[in-house]
Amino acid sequence: AAVFGLLLLPLAAMIAILVKITSRGAIIYRQARVGKHGRIFTLYKFRTMSADGRGPLFTEENDARITAFGKFLRFTHLDELPQLWNILSGHVSLTGPRPERVELAEKYRHLPYYDVRHIVKPGVTGWAQINYKPSSSVEEAKEKLCHDIFYVKNRSLILDILIIFKTI
């Protein structure tokens with residue numbers, strides 16, 4: 001994460017400038033997420049929504065809250081670059097179940113075996129991210145949970161390398 005952070009620093013600086021130029025508000029978006037053993041931590045991303053973007057928990061298709069530059073950042077996943085800091089701080093790994101927002105974790109807690117995903121460190125990318133679309137309902141969250149449990153049960157260096165290559 002430190003090596004990638006240094007190599008990508010010029011790109012991150014350019015993205016930060018473009019976020020600031022193209023919309024009002026903070027450059028970095030901070031959000032409470034649930035990590036290993038249910039501990040809450042702050043996840044960092046480049047802001048992709050308007051600063052006053054209140055709305056539903058799930059991002060909707062053609063969501064009006066997403067800025068024009070934010071659409072590009074989301075499509076390329078460059079909004080995730082600040083999560084290298086989360087890796088360095090030890091809250092997140094490169095691979096693992098994607099950490100959920102606190103509000104969504106509370107909503108999903110009733111799903112069978114939901115807490116199994118919290119016995120490992122969450123990841124910037126994971127088996128569910130490369131095999132399933134972003135969830136926008138509890139039913140889709142159930143499907144993603146199956147992928148997260150598969151990862152927890154089968155995690156290995158080989159699986160992590162496969163996830164990284166498929167992510168790229």
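Trainee: Is Lys 45 buried or exposed, and what is its relative accessible area?

Mentor: This is a predicted model, and the value is computed from its coordinates. Buried means under 20% relative accessible area, so Lys 45 counts as buried, with a relative accessible area of 16%.

Trainee: Which residues are linked with Lys 45 and Asp 79 in a network of salt bridges?

Mentor: Glu 80 forms a salt bridge with Arg 98, the closest N and O atoms being 2.7 Å apart. This pair links distant parts of the chain, with Glu 80 in the loop between H3 and H4 and Arg 98 in the loop between strand E3 (93–95) and helix H5 (102–108), 18 residues apart. Both Glu 80 and Arg 98 are buried. The residues linked with Lys 45 and Asp 79 in the network are Glu 80 and Arg 98.

Trainee: With which residue does Asp 148 form a salt bridge?

Mentor: Asp 148 is in helix H7 and its partner is in the loop between H5 and strand E4 (123–125), 31 residues apart, so that the pair links distant parts of the chain. The closest N and O atoms are 3.0 Å apart, and the residue paired with Asp 148 is Arg 117.

Trainee: Which element gives the most to the lining of the largest cavity?

Mentor: A search of the whole structure finds one cavity of 30 Å³ or more, and about 60 Å³ of space lies in the largest cavity. Its lining includes Arg 117 and Asp 148, along with Glu 100, Tyr 108 and Lys 144 among others. The element that gives the most to this lining, with four residues, is H7.

Trainee: Which residues is His 147 in contact with, leaving aside its neighbours within four places in sequence?

Mentor: His 147 is found in helix H7 (residues 138–154). Because its relative accessible area is 16%, His 147 is buried. Leaving aside neighbours within four places in sequence, the residues in contact with His 147 are Trp 127, Ala 128, Asn 131 and Tyr 132.

Trainee: What is the volume of the second largest pocket?

Mentor: The lining of the second largest pocket includes Leu 6, Leu 9, Phe 46, Pro 82, Trp 85 and Leu 88. The elements that give two or more residues to this lining are helix H1 (2–7), H2 and helix H4 (83–88). The volume of the second largest pocket is about 240 Å³.

Trainee: Which residues make the nonpolar surface patch of about 400 Å²?

Mentor: One of them, Met 14, lies in helix H2 (residues 9–22). The residues that make the patch are Met 14, Ile 17, Leu 18 and Ile 21.

Note on methods:
Residues numbered from 1 in each chain as written. Predicted model: local features only at pLDDT ≥ 70, side-chain atom pairs only at ≥ 80, totals over all residues. Heavy atoms only, no water. Patch = residues over 30% accessible without salt bridge, like charges linked within 9 Å, V, L, I, M, F, W, Y side chains within 5 Å. Areas by Shrake-Rupley, 256 points an atom, 1.4 Å probe, with all protein chains shown as cover. Salt bridge = Lys/Arg side-chain N within 4 Å of Asp/Glu carboxyl O. Buried < 20%, exposed > 50% of the residue type's maximum accessible area, 1.4 Å probe, protein only. Contact = heavy atoms within 4.5 Å. 1 Å grid on protein atoms, 1.4 Å probe; cavity = no way out; pocket = protein on both sides within 12 Å on 5 of 7 lines; lining within 4 Å. Points joined across faces, edges and corners; volume = space filled by probe spheres on them.
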